[in-house]
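Welcome! Here is a short briefing to read alongside the model.

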Amino acid sequence: MFRTLIDGTLLSVPRHASDPEEVTKRWAKRLIEKDRDGETAVASKCTEQFEKVAARFPHFNPPYVDASLTAIKKGRLSLAKILISKEQNSARRVPILMELDLGLVALADAVASNDLDLVWDVLEHLRLNQTMRSISRSIKERMDPVGCSQAVASLSTLLRRSGDHSARLILYEETGHYAEAVMAELERILSDDSVGRRASSLRNLASSIRSKPGYKQHCEFEAGVIIDLANVALVGADLERKLSFPCGTIQDFSSSDLLRVAAISSQNSATRTGVLKWLKNQLQIEDQRFIFVCVDALAGEDEFSGIRDLLKITGNNPATGYMPFVRACLGRKNFEEAGAYARMVKNPHERARALAQCGLGKEAIELATKTRNSQFLDEIQTILIGAQKNLSSR
């Protein structure tokens, strides 16, 4: 038998009691109702006795929640706050904290419990008397950085599930999660089926980023990317019309994918050159990327005449040099076409290597001999041996 008398309130728990917690709850209730000592003193008495019972009964859970509820009902709110702070289970603390109007503390505990349903309950409780903006500001101002990030992550997940987009944006914005706010808005915009509306919304978003405090400082890169997305969306729609594709076929393609489609889908040389030149200008694609993407796409379709047409756009001195043309043609085992580009490589050493790779041994050796470098000549001869094997296997 465990027995103790505190200020006339007897706590008696039989050693073999089936429910020591229930006995202790009743004792704590009587103590809180009768004891007129200060709140700190009463809380200390409860804690002391709960610890003694816990020492006798290993599976005993100190009834701080029930004791706190009793204190609330008796109007002893300070006592309730002290008692609930001693409860070790964060999820159990939450309902009491909401009763005590300690909503932000309740939110932190709910987040720590990893129970999203509980987090949602707290959020709904908070929104009864506060705006989402006010709640978000409190999270930012009164929680430590780690707690703030965890709360934002949990709340944003719930708000996304509920479809409350505006509340989600406010949460991100007021807590300084500007990049996440941009991504959330971007997600909403890109779900719009209308290319025109989508492009207009993207441009408005980019403009907003560049004008709003916080966003301008943290999301300048994102603004540039969003402008590019808007341009690509509109250009993709125009390209569909130029190529007579069904509406919506390529509107979500990247700029590189649009280049590939334009390169291999045009019906004749003049059309292809015109479309690719227009596309390059519209998307402001730099020469090197333009060449690499188009050469790779055209070589994959064995469109070697199309590769030659690229020089009508870039000129006879392409920014990449001619080696990408050589490699693309060799990859498709078109040694004759590769040889034509190899002869145009400017650097003598690179030209000799390219000629050797194309199996043009005489020209490669003559060029290597002129360098008067025996090691380089050996290198060219080694390349020629490999090239001859490739030529014999085609």
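Helix H9 (residues 145-162) packs against helix H10 (residues 165-174) at an angle of about 165°, and their axes lie 9 Å apart. H9 is therefore roughly antiparallel to H10, a label used for angles over 145 degrees. This is a predicted model, in which local features need pLDDT of at least 70 and side-chain atom pairs count only at pLDDT 80 or more, while totals for chains, interfaces and linings use all residues. Residues are numbered from 1 along each chain as its sequence is written, and side-chain values use heavy atoms, leaving out hydrogens and water.

**The H9 and H10 pair**
- The crossing of H9 and H10 is left-handed.
- H9 brings Val152, Leu155, Ser156, Leu159 and Arg160 to the contact (heavy atoms within 4.5 Å), and H10 brings Ala167, Arg168, Leu171 and Tyr172.
- The residues of this contact divide into 6 nonpolar, 1 polar and 2 charged.

**Helix H19**
- In H19 (residues 323-331), 7 of the 9 residues are buried, meaning under 20% relative accessible area with a 1.4 Å probe, protein chains only.
- Among them are Met323, Phe325 and Leu330.
- The buried residues of H19 pack against helices H17 (287-300), H18 (304-314), H20 (335-342) and H21 (348-357).
- Lys333, which follows H19, has a positive phi, near 60°.

Terms used
Buried < 20%, exposed > 50% of the residue type's maximum accessible area, 1.4 Å probe, protein only. Helix = DSSP H or I, 4+ residues; strand = E, 2+ residues; numbered from the N terminus. Axes fitted to C-alpha atoms, helices over the stretch in contact; angles between N-to-C directions. Parallel < 35°, antiparallel > 145°, perpendicular 65-115°, else oblique. Left-handed = near helix turned anticlockwise from the far one by under 90°. Nonpolar A, V, L, I, M, F, W, Y, C, P; charged D, E, K, R; others polar.
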